[in-house]
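Have the structure open as you read.

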Amino acid sequence: MKTILKIIAILLVAAVVAGGFFLAVNNTSTSSDSVEGGQPPAMTSASGQPMERPEGGGEDSASITRGLSGVIATLAKLTVITIIVWLAQKGFSLLGKRKFSTAHARNGAAMTLKFKRNLPLIIMLTGILSLLALTMGNQKIVSYTVTMETLQATQVAATQTIDVNSQASASTTALSGIYELFNIEYPTK
Amino acid sequence: MSTKTNLVLDLTMFGAFLTATNPHLTGNTIHEWLGVSLAGVVITHLLLHWDWIIKVSKEFFKKFLHQSRLNFVVNTLFFVTMTGSFFSGLMISESVLATLGIQLDVSRSWKSIHTLMSDSSVIILGIHFALHLKWVTTNIGRYIVNPIRNLFPRSMPNVMAVQPVRINKDK
C-alpha cells in the first residue's frame with residue numbers, strides 16, 4: 001500500500017511538471033500565431049507542389065553505424081562533463097585545505113569556513129551556467145531557398161488572402177520589399 | 001534495498017538511457033517503447049531512494065550549505081528534464097499512442113522540446129554521475145571487478161626449499 005502511495009506521489013509531481021511544459025508550449029504557440037496573423041502562405045513550386053526540406057534519410061530507420069557513433073559521442077560528452085565536475089570538486093577541496101592550513105596558522109578558520117560554506121553554491125552555479133551555455137547554442141536553423149518560381153507561387157497565395165485596397169499590412173510591406181529586391185513589379189489591383 | 005540491487009538497477013538504467021538517447025541505433029519504434037520502459041525504471045529508482053528524498057526535502061533549509069543539498073538540486077533538475085523528455089516524447093509519439101488508439105494533433109514545438117530536454121538530460125546525468133563517482137567506482141570494484149578477478153586464480157610463487165636454521169645457544 002505504501003509503495004502504491006509513493007508511486008502516486010511521484011506521478012503527481014511528474015504530472016505537475018508535464019502540465020507546466022504543456023502550458024508553456026500552448027502559450028508560446030498562441031503568442032506566435034497572434035503575432036504572425038495566422039498561418040504564413042505556403043511555399044509552393046511552379047507546379048503547385050508544396051516545397052519540402054530535403055532530409056538525409058528516414059527518421060524511422062535504424063542504422064547500427066550511426067547509432068554506435070551516437071552512443072560513443074554521448075559517452076564522450078558524459079566523460080568530459082564528469083571530468084570537469086570532478087576537477088572542480090578536487091580544485092575546491094585542495095583550495096579549501098590550503099586556505100585552512102594558512103588561515104589556521106594566522107588566525108583561526110573563519111575565512112576557510114566561509115569558503116567551505118559557499119562551495120556547493122559555486123559548484124551549482126558553475127553547473128547551471130555550463131548547462132545554459134551548452135543547451136542554448138543548440139538551435140536549429142530552418143531555411144528555405146527563395147527562387148523566382150517560389151516567389152511567383154507565393155504571389156498567387158498572397159493575392160488571394162491579402163486585401164490590396166486596405167491599409168498596407170506588414171505582410172504586404174514584406175512582400176513588396178522582396179519584389180523590389182528581385183526587380184519584379186508588385187501586382188496591384 | 002541492498003547496494004548490489006541499487007548498482008544493478010543503476011547500470012541497467014544507464015544502458016537503457018544511452019540506447020534511448022540514440023534512436024538511430026534502434027529505430028523509432030523501439031526508441032519510443034524503450035522510453036516508456038525507462039520511465040518505469042526511473043520511478044523504481046526514485047522508490048529505492050525515497051527515504052533520502054523525504055529526509056533531505058524536510059531538512060533542506062536546516063543544513064542548507066551541504067553536499068546533499070547540491071545533490072538534491074541536481075536530482076530535481078534531472079527529474080524535470082527527464083519528465084519533459086518523456087512527456088514531449090509521448091506528444092510526438094507515433095507507435096506508442098497508435099497502439100493505445102490515441103491520435104494527437106500537436107504543435108511542432110514538442111519535437112524541439114524533446115530534443116532540448118534529452119540533450120539537457122545528458123548534461124545533468126554527467127553532473128549526477130560525477131557527484132556519485134566515488135560510490136559507483138567503489139561498488140563496481142566490489143561487485144563486478146573483484147568477483148571476476150577472483151575467478152582467475154593467481155599463479156603460486158615458487159616455494160623455496162626450507163633450509164634448517166641452527167640457533168647458537170652457546171652464550
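Of the 171 residues in chain B, 25% count as buried. Keep in mind that this is a predicted model. Chain B holds eight helices and zero strands, so its pattern along the sequence reads α-α-α-α-α-α-α-α. As for how the chain folds back on itself, residues 24 or more positions apart account for 64% of the chain B contacts that have a separation of 6 or more.

Chain A has 189 residues, and buried ones make up 4% of them. It has five helices and zero strands, running α-α-α-α-α from the N terminus. Among its contacts between residues at least 6 apart in sequence, 56% join residues at least 24 apart.

| Helix pair (chain B) | Angle | Axis distance | Handedness |
|---|---|---|---|
| Helix 5 of chain B and helix 7 of chain B | about 150 degrees | 8 Å | left-handed |
| Helix 1 of chain B and helix 3 of chain B | roughly 150 degrees | within 10 Å | left-handed |
| Helix 3 of chain B and helix 5 of chain B | about 145 degrees | 10 Å | left-handed |

Take helix 5 and helix 7 of chain B to begin with. They pack at an angle of about 150 degrees, which means helix 5 of chain B is roughly antiparallel to helix 7 of chain B. On the helix 5 side of chain B, the contact includes Val74(B), Leu77(B), Phe78(B), Thr81(B) and Gly89(B). The helix 7 side of chain B brings in, among others, Trp110(B), His114(B), Ile124(B), Ile127(B) and Leu131(B). By class, the contact between helix 5 and helix 7 of chain B has twelve nonpolar, twelve polar and no charged residues.

Next come helix 1 and helix 3 of chain B, whose axes cross at roughly 150 degrees. That angle makes helix 1 of chain B roughly antiparallel to helix 3 of chain B. Residues from helix 1 of chain B, including Leu9(B), Met13(B), Phe17(B) and Ala20(B), meet residues of helix 3 of chain B, among them His31(B), Leu34(B), Leu38(B) and Val41(B). The residues of this contact between helix 1 and helix 3 of chain B divide into nine nonpolar, eight polar and no charged.

Where helix 3 of chain B meets helix 5 of chain B, Glu32(B), Gly35(B), Ala39(B) and Val42(B) face Met82(B), Phe86(B) and Gly89(B). The class count for helix 3 with helix 5 of chain B is four nonpolar, two polar and one charged.

**A closer look at Gly89(B)**

Leaving aside neighbours within four places in sequence, Gly89(B) is in contact with Glu32(B), Gly35(B) and His114(B).

**The nonpolar core**

The largest nonpolar core has 24 residues, of which Ile81(A), Ile124(B) and Ile127(B) touch the most other members. Two or more residues each come from helix 2 (64-107) of chain A and from helix 1 (3-20), helix 3, helix 5 and helix 7 of chain B. Helix 7 of chain B gives the most to this core, with ten residues.

What is Ile124(B) in contact with, leaving aside its neighbours within four places in sequence? The partners are Leu131(A) from the other chain, plus Val74(B), Leu77(B), Phe78(B) and Thr81(B).

**Where the chains meet**

Across the interface, 41 residues of chain B are in contact with 38 residues of chain A. On the chain B side, helix 2 (23-26), helix 3 (28-48), helix 5 (67-91) and helix 7 (109-131) each supply at least two residues. Helix 7 of chain B gives the most here, with 15 residues. By class, the side of chain B that touches chain A comes to 24 nonpolar, 15 polar and two charged residues.

Definitions and conventions. Residues are numbered from 1 along each chain as its sequence is written. Chains are lettered from A and ligands numbered from 1 in the order in which they are written. This is a predicted model: local features need pLDDT of at least 70, side-chain atom pairs count only at pLDDT 80 or more; totals for chains, interfaces and linings use all residues. Two residues are in contact if their C-beta atoms, placed from the backbone, lie within 7 Å. Helices (H or I, at least four residues) and strands (E, at least two) are DSSP runs, numbered from the N terminus. Ala, Val, Leu, Ile, Met, Phe, Trp, Tyr, Cys and Pro count as nonpolar, Asp, Glu, Lys and Arg as charged, and the others, Gly among them, as polar. A residue is buried if 20 or more other C-beta atoms lie within 10 Å of its own, exposed if 12 or fewer, and partly exposed in between; C-beta atoms are placed from the backbone. Axes are lines fitted to C-alpha atoms, for helices over the stretch in contact, and angles run from 0 to 180 degrees between N-to-C directions. Angles under 35 degrees count as roughly parallel, over 145 as roughly antiparallel, 65 to 115 as roughly perpendicular and the rest as oblique. A crossing is left-handed if the near helix is turned anticlockwise from the far one by less than a right angle, and right-handed if clockwise. A nonpolar core is a set of buried Ala, Val, Leu, Ile, Met, Phe, Trp, Tyr and Cys residues joined through C-beta atoms within 7 Å.
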